[in-house]
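Please read it beside the sequence and coordinates.

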Amino acid sequence: SVGALVQQRVRAYIVDENLRIFGQSPRFADAPIGLIANHIASCEIGNLVWWLTDDNPYPAEYIARMSHAMSVTGAMLMIGRLDEVILPAAGALAPA
């Protein structure tokens with residue numbers, strides 16, 4: 001289906017970008033960088049599909065901020081760069 005093809009291409013793009021960004025990072029976990037990149041892609045796509053199909057009232061910007069904060073924080077922890085994560089202040093992620 002067209003939806004599956006779009007999802008596959010978006011996943012590949014997200015994985016490629018994360019491999020480019022995180023590929024040179026030293027890792028402190030025993031996880032392949034490809035697994036971490038696929039984790040981020042799965043989180044982002046899964047949350048987007050949930051938002052689109054579950055009749056959610058949340059604005060796109062809110063879903064994007066929340067998805068990014070959740071998926072990237074875990075990845076940064078796995079590669080030993082959690083100290084570089086700057087989380088928004090309490091309430092900053094709340095929907096407008």
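1. Aromatic pairs. The count of aromatic pairs comes to two, where rings of Phe, Tyr and Trp (its six-membered ring) pair if their centres lie within 6.5 Å. For Tyr-58 and Tyr-62, the ring centres are 5.2 Å apart and the planes stand at 35 degrees, so this pair is tilted; planes under 30 degrees apart count as stacked, over 60 as edge-to-face and the rest as tilted. Trp-50, Tyr-58 and Tyr-62 are linked by ring pairs into a cluster. Tyr-58 has 30% relative accessibility and counts as partly exposed, while Tyr-62, at 15%, counts as buried. The limits here are under 20% relative accessible area for buried, over 50% for exposed, and partly exposed in between, with a 1.4 Å probe and protein chains only.

2. Basis of the values. This is a predicted model, in which local features need pLDDT of at least 70 and side-chain atom pairs count only at pLDDT 80 or more, whereas totals for chains, interfaces and linings use all residues. Residues are numbered from 1 along each chain as its sequence is written, and side-chain values use heavy atoms, with hydrogens and water left out.

3. Overall make-up. The chain has three helices and zero strands, and its pattern along the sequence is α-α-α. Helices (H or I, at least four residues) and strands (E, at least two) are DSSP runs, numbered from the N terminus. Buried residues make up 24% of the 96 in the chain. Of the contacts between residues at least 6 apart in sequence, 61% join residues at least 24 apart; contact means heavy atoms within 4.5 Å.

4. Helices α1 and α2. Two packed helices are described by the angle between their axes and the distance between the axes. Helix α1 (residues 2–22) packs against helix α2 (residues 33–53) at about 135 degrees, and the axes are 8 Å apart. Axes are lines fitted to C-alpha atoms, for helices over the stretch in contact, and angles run from 0 to 180 degrees between N-to-C directions. That angle makes α1 oblique to α2; under 35 degrees counts as roughly parallel, over 145 as roughly antiparallel, 65 to 115 as roughly perpendicular and the rest as oblique. The α1 and α2 crossing is right-handed, a crossing being left-handed if the near helix is turned anticlockwise from the far one by less than a right angle, and right-handed if clockwise.

5. The α1–α2 contact. Residues of α1 in this contact include Val-10, Ile-14, Asn-18 and Phe-22, and those of α2 include Ile-33, Ala-37, Ile-40 and Glu-44. By class, the contact of α1 with α2 has ten nonpolar, five polar and two charged residues. Ala, Val, Leu, Ile, Met, Phe, Trp, Tyr, Cys and Pro count as nonpolar, Asp, Glu, Lys and Arg as charged, and the others, Gly among them, as polar. Asn-18, in helix α1, counts as buried at 10% relative accessibility. Leaving out residues up to four places away in sequence, Asn-18 touches Gly-23, Ala-37 and Ile-40.

6. Helices α2 and α3. The axes of α2 and α3 come within 9 Å and cross at roughly 160 degrees. This makes α2 roughly antiparallel to α3, and the crossing of α2 and α3 is right-handed. Among the residues that meet are Ile-36, Cys-43, Asn-47 and Trp-50 in α2, and Ala-60, Ile-63, Ser-67 and Met-78 in α3. The contact of α2 with α3 divides into ten nonpolar, five polar and one charged. Ser-67 lies in helix α3 and counts as buried at 4% relative accessibility. Neighbours within four places in sequence aside, Ser-67 is in contact with Glu-44 and Asn-47.

7. Backbone at Asp-55. Most residues other than glycine have a negative phi. Asp-55 has a positive phi of about 55 degrees although it is not a glycine. Asp-55 is in the loop between α2 and α3 (60–78), and is exposed, with a relative accessible area of 73%.

8. Tyr-13 of helix α1 is exposed at 55% relative accessibility. Tyr-13 and Ala-41 are 28 residues apart in sequence and 8.6 Å apart in space, C-alpha to C-alpha. Val-49 of helix α2 is partly exposed at 37% relative accessibility. Between Val-49 and Gln-7 there are 9.3 Å in space, C-alpha to C-alpha, and they are 42 residues apart in sequence.
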